Amino acid sequence: MLEIKPIEEKDVYHLWKIGFSKADMEWTKWNGPYFEDYEVYTFETFQKELSFYKNTDYCWGIYVDDTLIGALFRHWEYQKTRWLEIGIVIYDENYWNGGYGTEALRLWIPKTFKDFPEIEHIGLTTWSGNKRMMRASEKLGLLQEACIRKVRYWQGVYYDSVKYGVLRDEWDTI
């Protein structure tokens, strides 16, 4: 069973292990041009420097049968204009291609609208090299709102930046 919830203290070590404990983790290849500053952390450093994973409304864990497999994020692109973006990472590749990311977003989007009653739009930005993220966005009914061509240069190849979004009243009818 999949659920989303705040990341519990007891799961921080597991999060570090599946997400930040060694170089060349598979998930970082799909974050591609966004986070090329990925670092390997000792557990002690991870606890100190990446505390935003714990006890925050801007990052929740994705759990399958009580096992943490990934995280959901939300951040203000520009708070004054109420422009909020969401994101997701499934760190544990054993859970890729099983619909877990789509289902987690299906829960995160209405929670985000509920938590931020002042917003009318939720955005999600990815890149054309991440076909799974594009497919999940489309399955959920998010509309492709922009495609900025060849602005993500990653490992010798140009990719597009692809922006998806949904309005509150659209989500209510999906």
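1. Two strands count as a pair if DSSP finds at least two bridges between them. Keep that rule in mind for the sheet below. The model is predicted. Seven bridges join β5 to β7. These two strands run antiparallel.

2. Start with the overall plan. The protein chain has six helices and seven strands. Read from the N terminus, the elements run β-α-α-α-β-β-β-α-β-α-β-β-α. The radius of gyration is 16 Å, close to the 16 Å that the globule rule gives for 174 residues, so the protein chain is as compact as a globular protein of that length. Along the principal axes, the C-alpha atoms fill a box of roughly 40 × 40 × 35 Å.

3. Next, the sheet. How many strands does the open sheet have, and in what order do they come? There are seven, in the order β1-β2-β3-β4-β5-β7-β6. The pairing is mixed. In general, the strands of a sheet pair through backbone hydrogen bonds, either parallel or antiparallel. The edge strands are β1 (2–5) and β6 (143–154), and each pairs on one side only. From one strand to the next, the twist averages 25°.

4. Lys5 stands opposite Gly61 in β2.

5. Eight bridges join β6 to β7, and the two run antiparallel. Leu143 has Gly165 in β7 as its bridge partner. The hairpin of β6 and β7 has two residues between the strands. In this hairpin, Gln155 takes a positive phi near 50°.

6. Consider the aromatic rings. The structure holds 13 aromatic pairs. One of them is formed by Tyr58 and Phe116. A pair of aromatic rings is described by the distance of the centres and the angle of the planes. For Tyr58 and Phe116 these values are 6.0 Å centre to centre and 55° between the planes.

7. Buried means under 20% relative accessible area. Phe116 has 9%, so Phe116 is buried. Tyr58 has 33%, so Tyr58 is partly exposed.

8. A second aromatic feature is a cluster. Ring pairs link Phe20, Trp27, Phe46 and Tyr91 into this cluster.

9. Finish with the whole chain. Buried residues make up 48% of the 174 residues. Take the contacts with a separation of 6 or more: residues 24 or more positions apart account for 60% of them. The protein chain exposes about 9700 Å². Carbon and sulfur atoms supply 50% of that area.

Note on methods:
Residues numbered from 1 in each chain as written. Predicted model: local features only at pLDDT ≥ 70, side-chain atom pairs only at ≥ 80, totals over all residues. Heavy atoms only, no water. Helix = DSSP H or I, 4+ residues; strand = E, 2+ residues; numbered from the N terminus. Axes fitted to C-alpha atoms, helices over the stretch in contact; angles between N-to-C directions. Rg over C-alpha atoms; globule rule 2.2 N^0.38 Å. Buried < 20%, exposed > 50% of the residue type's maximum accessible area, 1.4 Å probe, protein only. Contact = heavy atoms within 4.5 Å. Areas by Shrake-Rupley, 256 points an atom, 1.4 Å probe, with all protein chains shown as cover. Phe/Tyr/Trp six-rings, centres within 6.5 Å; stacked < 30°, edge-to-face > 60°.
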